[in-house]
Amino acid sequence: MWEAITMNWLLFRDAILAAIISGGVLALLGVYVVARRIVFVSAALSQVSALGVVLGFFLVSTLTLGGGLAGILPVGLALILALSAVLALAWIGDSPSLGRDAVLGIAFIVPTALVLVLGPKIPSEMHSVEQILHGSAVLVRPGDLYAIAAAGAAVLIAQFVAFRGFVFASLDPQVARTQGVPVRILDMLLFASIAIMTGLVTRALGAMPTFALTVLPAVAVLGLRIGLRNVFILAALIGAASGAGGFIVAYMMDWSVGASQTLVAMGFLLLVRGATVAARAVGARNL
């Protein structure tokens, strides 16, 4: 297997690197998502981004566009719709008449329905649409890899510079405001980071692995007594390993790449949780 991957490294390189970067950065952001109990935000943004990509394919097919515009339009619309959804969430806030839960519900179900309506109308791109929905993409375009790498680097720099502020604003926003922390600005940066990464990764890997790599590594590590910073680092490592490991499992078993990445991430979750329970049981017995 390794010999086959090595021989075809240039063919698979971009897809594996994209999976590693995407898994690491999404899992890091996922710690905020799971800790703040806003997992549905990630699910809704994945569906909104998928709609943007499918809408892009639909316009390219209907208007017979070609060249660079045909390649940019799907991912551009995915980013625009994802950022619009984030702005709508921030603008509506916790309004008693139409709260965030209602907006998230609309942002999830309506794009899902529109993708199912638009998909059959672009038969020449149905294979690409299936890849986006189920994450069956084997290859990644160099442009998508570069975009994910640039966005991932920006997210990591922002986290490195203002990590304490992001954590404080997420875990205890009321106290953070009294301490002069710009909670609203940090929230906008965090949600914009999630929206941009979700839009780019959905175009490259698909909606299902995007959601799985955001949520499952974070669920695995939250609650571990290893220090807050180490929780983020371990989540990122599990996300990166799930992205690359899922690709290798898919190659070995001839499975869907997105499904394999999801199952590998779930395997890490069970492994970490199982090891934690076992360690606590041993510790309690030794007391």
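These legends go with a set of close-up views of a predicted model.

In this predicted model, local features need pLDDT of at least 70 and side-chain atom pairs count only at pLDDT 80 or more, while totals for chains, interfaces and linings use all residues. Residues are numbered from 1 along each chain as its sequence is written, and side-chain values use heavy atoms, with hydrogens and water left out.

**View 1**
Helices (H or I, at least four residues) and strands (E, at least two) are DSSP runs, numbered from the N terminus. Buried residues (under 20% relative accessible area; exposed is over 50% and partly exposed is in between, with a 1.4 Å probe and protein chains only) make up 48% of the 287 residues. Of the contacts (heavy atoms within 4.5 Å) with a separation of 6 or more, 77% join residues 24 or more positions apart.

**View 2. Leu29, Leu45 and Met197 have the most contacts inside the largest nonpolar core.**
A nonpolar core here is a set of buried Ala, Val, Leu, Ile, Met, Phe, Trp, Tyr and Cys residues joined through side-chain atoms within 4.5 Å. Apart from it sits another core, of 8 residues, including Val53, Phe57, Ala78 and Leu118. Zoom in on leucine 29 and, leaving aside neighbours within four places in sequence, you find it in contact with Val155, Gln159, Leu190, Ser193, Ile194 and Met197.

**View 3. Ring pairs tie Tyr32, Phe163, Phe166 and Phe232 into a cluster.**
Rings of Phe, Tyr and Trp (its six-membered ring) pair if their centres lie within 6.5 Å; planes under 30 degrees apart count as stacked, over 60 as edge-to-face and the rest as tilted. That rule gives 6 aromatic pairs. Take phenylalanine 163 and phenylalanine 232: their ring centres are 5.1 Å apart and their planes sit at 85°, so the pair is edge-to-face. This pair links distant parts of the chain, with phenylalanine 163 in helix α7 (residues 142-171) and phenylalanine 232 in helix α11 (residues 228-253), 69 residues apart. Phenylalanine 163 is buried at 12% relative accessible area, and phenylalanine 232 is buried too, at 5%.

**View 4. Alanine 169 is tucked into helix α7 and counts as buried, with a relative accessible area of 1%.**
Not counting residues up to four places away in sequence, alanine 169 touches Ala176, Val183 and Leu186. Aspartate 187 is 18 residues from alanine 169 in sequence and 7.4 Å away in space, C-alpha to C-alpha.

**View 5. Trp9, Leu10, Leu17 and Ile20 make a nonpolar patch on the surface.**
Together they show about 360 Å² of accessible area. One of them, isoleucine 20, belongs to helix α2 (residues 9-35) and is partly exposed at 33% relative accessible area. Patches are made of residues with over 30% relative accessible area and no salt bridge, with like charges joined within 9 Å and nonpolar side chains (Val, Leu, Ile, Met, Phe, Trp, Tyr) within 5 Å. A salt bridge puts a side-chain nitrogen of Lys or Arg within 4 Å of a carboxyl oxygen of Asp or Glu. Accessible areas come from the Shrake-Rupley method with a 1.4 Å probe; for residues, only the protein chains shown count as cover.

**View 6. Arginine 37 has a positive phi, near 55°.**
Arginine 37 is in the loop between α2 and α3 (39-62) and is exposed, at 77% relative accessibility.
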